[in-house]
Amino acid sequence: MFKKVFIANRGEIALRVIRSCRELGLRTVIGFSEADRDSIPVRLADERICIGPPSPKESYLNIPAVVSAIEITRADAVHPGYGFLAENIPFVEICGASRIVFIGPSVRNIQIMGDKALARKTAKSFRVPVIPGYEESDYKNGLHHARKLGFPVIIKASAGGGGRGMRRVNNIDEFQQLWYTCQEEAMSSFGEGALYLEKFLERPRHIEIQLVGDRKGNVIVFPERDCSIQRRHQKLIEESPSPFVDWKLRKKLYRYAYRLARKINYKSAGTIEFLVDSDGNPYFMEMNTRIQVEHPVTELVSGYDLVKSQILVAQGERLGIGQKEVKLNGHAIECRINAEDPSNNFMPSPGKVEKLVLPGGPGIRVDTHIHEGYAIPPYYDSLVMKLIAYGSNRQEAIERMRRALDEIVIEGIRTTIPLYRKILAHPIFLSGRYSVKWLENFLESEAEKGVLPKN
Ligand code: MV4
């Protein structure tokens, strides 16, 4: 049993982890940068230790600093949250060698899924459908495969993921140039030029399945999240269940996600991302080997604490429930509130929160580390709050989200709240018939009309 958990993160997720530790009776210690000294998670943890200056490279990403802090504070385990060191193989290896339990999956699982071409091959080998394509880094073979697939195709970097290092190719004349640009970009961004090729799907939806595995080989899978509302590969709104997914498709997604997690012996919380084409065919895309920003929507529809479960399975405990006990009740929607100005190209807007009035009432959950008087530092991700609405159905969840968006007041910084008020009033969002292309098209049409309302 753990006595003390080290939190190697900041902001809302650090607070989220502290809350689950508190409920489990575990002592917490947080490693913080100089910029986060006066933050709520640093205050709420049982212990705190400075790991370096504000720059993430010198603090939250600084492996020697984090590992020394874990050793000095004699923590048994480390929770990495998301981002920073959550999928960093050297960090997980050093934890293992230093007898620190990493609250997450094995090094091997992170390796397999971190290499997107290997992840594809692995999924294929277990008969999980992937988008028609080829793992191929040779230009001549690539061109041959592209002709066979038919244009448009998409070239992706094996070391990329989450939208980094991809090129859409519309016809054969563009192929050579885009192939080599993609390869060079992969080389310079990831230090590795390996590529793979896929048929380009028009207007797909991004649908993902949360799962948790324990150390005894049990895996449970959860109702899907629809994460199709994105801008530049950053998710803005997520919901569960997807308005597009019926039980027939859900069962298929469950089967594929379960099979893949089980076959690779996955032992933690993880998420399998699928692209679903307009005919409702799901294809494996990537796996995220961490807890994700949008995990609360799954918690609300399933009644299951995913962070608590992550900690318990890392301690060697069994999952508390079997697949039959995984529930899908009602509907949940999350809006990621960023300190960014949507009327000025989403320009980051750090600074002091002069006034803060939080929404509440039935079906509203607010995950945030900010408070009135808090200065949002400019060094990190601009996510400052997750506003999550729950209802007995989608309509009620939307009504509650709209109410919460009307109640909330944040002054002193710009936020994405005005954009959410617009999206939650838009007929396409309300109909549930949106693809991954919709938000960018909507933002373009708004830009033409003039600017989005100011905060
Ligand atoms: C695709 C695709 C169409 N066809 N792959 C973007 C993020 C990365 N994980 C994969 N992405 C895409 N891959 C094929 N074969 C379209 C996208 C895509 C996308 C996917 C999910 C959510 C938003 C997106 C926005 C643009 C493109």
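How many residues surround the ligand, and which are the closest? Select the ligand and look around it. The shell counts 17 residues, and the closest are Lys156, Glu198, Lys199, Leu201 and Glu286. Keep in mind that this is a predicted model.

**Stop 1: polar atoms at the ligand**

Stay on the ligand and show its nitrogen atoms. Pick Glu198 next. One of its polar side-chain atoms sits 3.0 Å from a ligand nitrogen. Then pick Glu286. A polar atom of its side chain is 3.2 Å from a ligand nitrogen. The ligand taken alone exposes 520 Å², and the protein buries 93% of that.

**Stop 2: the shell by element and type**

Colour by secondary structure. What is the division into nonpolar, polar and charged residues? Eight shell residues are nonpolar, five are polar and four are charged.

**Stop 3: the domains**

Colour by domain. The assignment gives domain 1 (4-103), domain 2 (132-199) and domain 3 (205-449). Go back to the ligand with these colours on. Domain 2 and domain 3 each supply at least three residues to the shell.

Next, select domain 1 and domain 3 together. Their C-alpha centres are 24 Å apart. Across the boundary, 32 residues of domain 1 are in contact with 29 residues of domain 3. How much area do domain 1 and domain 3 bury between them? The figure is about 2400 Å², with 62% of it on carbon and sulfur atoms. Area lost when parts come together is often how the size of an interface is given.

**Stop 4: backbone details**

Switch to a backbone view. Most peptide bonds are trans, and most residues other than glycine have a negative phi. The next picks depart from that.

- Select Phe151 and Pro152. The peptide bond between them is cis, with omega near 0°. Pro152 is in the loop between α7 (139-149) and β7.
- Select Ser240 and Pro241. A cis peptide bond joins this pair too, with omega about -5°. Pro241 is in the loop between β13 (234-240) and α9 (247-263).
- Select His233. This residue is not a glycine, yet its phi is positive, about 65°. Look for His233 in the loop between β12 (225-231) and β13.

Terms used. Residues numbered from 1 in each chain as written. Predicted model: local features only at pLDDT ≥ 70, side-chain atom pairs only at ≥ 80, totals over all residues. Heavy atoms only, no water. Near = heavy atom within 4 Å. Polar contact = N/O pair within 3.5 Å; in protein donor to acceptor, adjacent residues only side chain to side chain. Areas by Shrake-Rupley, 256 points an atom, 1.4 Å probe, with all protein chains shown as cover. Nonpolar A, V, L, I, M, F, W, Y, C, P; charged D, E, K, R; others polar. Domains from an automatic or database assignment. Contact = heavy atoms within 4.5 Å. Buried area = accessible area lost by both parts, 1.4 Å probe. Helix = DSSP H or I, 4+ residues; strand = E, 2+ residues; numbered from the N terminus.
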